[in-house]
Amino acid sequence: MNIGIFDSGIGGVTLLHQALESLPNEKYLFYADTDNVPYGTKSREQVVELVDNVMRFMTRQGCKAVVIACNTATAAAADVMRQKYEMPIIGIEPAIKPAVAQSRGKRVLVAATPLTVREEKLKNLVKRVDDEHLVDLIALPGLVEFAERGEFASEAVERYLLSAFSGYALEKYGELVLGCTHFNYFKDSFRKIIPAQVSMIDGSEGTIKQLARVLESGKRTGAPQKDKNDTRVRYFRSGREITDADGLAYMKMLHDRLERMKHIQ
């Protein structure tokens with residue numbers, strides 16, 4: 001049986017990349033809802049409907065668990081989907097708690113999509129973990145658009161980030177939380193803008209650890225692969241499977257970039 005991982009676009013490959021490293025014996029189905037990207041600028045009601053469409057697809061594919069690899073979709077729709085579907089649904093949320101713990105009393109900047117920033121789920125998370133009122137929120141919707149165009153490191157990206165951060169005294173911060181899975185592709189661009197003492201953190205590793213715990217508790221883990229080169233991943237764009245050489249090569253390029261970004265903190 002498959003593990004479904006989905007996002008509004010290519011950002012969810014971040015979670016897939018982590019899953020392939022941490023749980024290599026599983027079979028994966030990756031779904032990028034590219035027909036409807038971005039989710040972060042839509043209403044909550046629109047996002048719930050879109051996520052429900054994806055969940056029905058995952059159910060038809062016989063997925064034993066689904067990872068919502070999208071902070072926006074998690075915030076807007078995860079609780080609704082858990083009430084509707086029986087399979088385990090694992091969401092991702094910005095890694096604010098560890099960021100606050102690691103910030104050494106400095107401020108924490110959480111970068112996310114506009115809808116994630118507006119949602120009560122994020123505000124409630126901040127209230128629970130931010131006793132010293134260190135957390136600030138910033139919406140970076142333009143990065144999702146850059147990512148979907150495959151533009152990860154350019155002068156335009158740097159200008160966008162410089163403009164977005166212009167109102168923040170970045171020397172006062174200790175942590176930058178990447179609260180959208182699309183943002184992981186831009187670690188090299190972030191590093192050019194933010195001071196050296198500002199660390200970057202995201203929720204990918206914690207989310208896949210939770211997936212592993214859920215699979216283990218339900219004894220849903222897969223058998224070892226016979227071929228180490230067989231990643232056993234099927235890729236879909238809004239329900240259409242990617243089978244052409246160019247499409248699969250693009251997905252490999254995304255994995256290669258994420259592997260490079262993994263070493264930038």
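At what angle do helix α1 and helix α10 pack, and how far apart are their axes?

## Packing of α1 and α10

In this predicted model, helix α1 covers residues 13-22 and helix α10 covers residues 204-217. The two pack at an angle of about 55°, and their axes are 9 Å apart. That angle makes α1 oblique to α10. The crossing of α1 past α10 is right-handed.

On the α1 side, the contact is made by T14, L15, Q18, A19 and S22. On the α10 side, S204, E205, T207 and I208 take part. Sorted by class, the contact of α1 with α10 has 5 polar, 3 nonpolar and 1 charged residues.

Strands of a sheet pair through backbone hydrogen bonds, and the pairing is either parallel or antiparallel. Here an open sheet is formed by 4 strands, in the order β6-β5-β7-β8, and the pairing is parallel. From one strand to the next, the twist averages 25°.

Which strands stand at the edges of this sheet? They are β6 (135-139) and β8 (199-202). Each has a single partner strand, so one side of each is left without a neighbour in the sheet.

## The pairing of β7 and β8

Strand β7 spans residues 173-178 and runs parallel to β8. The two strands are joined by 4 bridges. Opposite S199 in β8 stands E175.

Note on methods. Residues numbered from 1 in each chain as written. Predicted model: local features only at pLDDT ≥ 70, side-chain atom pairs only at ≥ 80, totals over all residues. Heavy atoms only, no water. Axes fitted to C-alpha atoms, helices over the stretch in contact; angles between N-to-C directions. Parallel < 35°, antiparallel > 145°, perpendicular 65-115°, else oblique. Left-handed = near helix turned anticlockwise from the far one by under 90°. Contact = heavy atoms within 4.5 Å. Nonpolar A, V, L, I, M, F, W, Y, C, P; charged D, E, K, R; others polar. Pairing = 2+ DSSP bridges.
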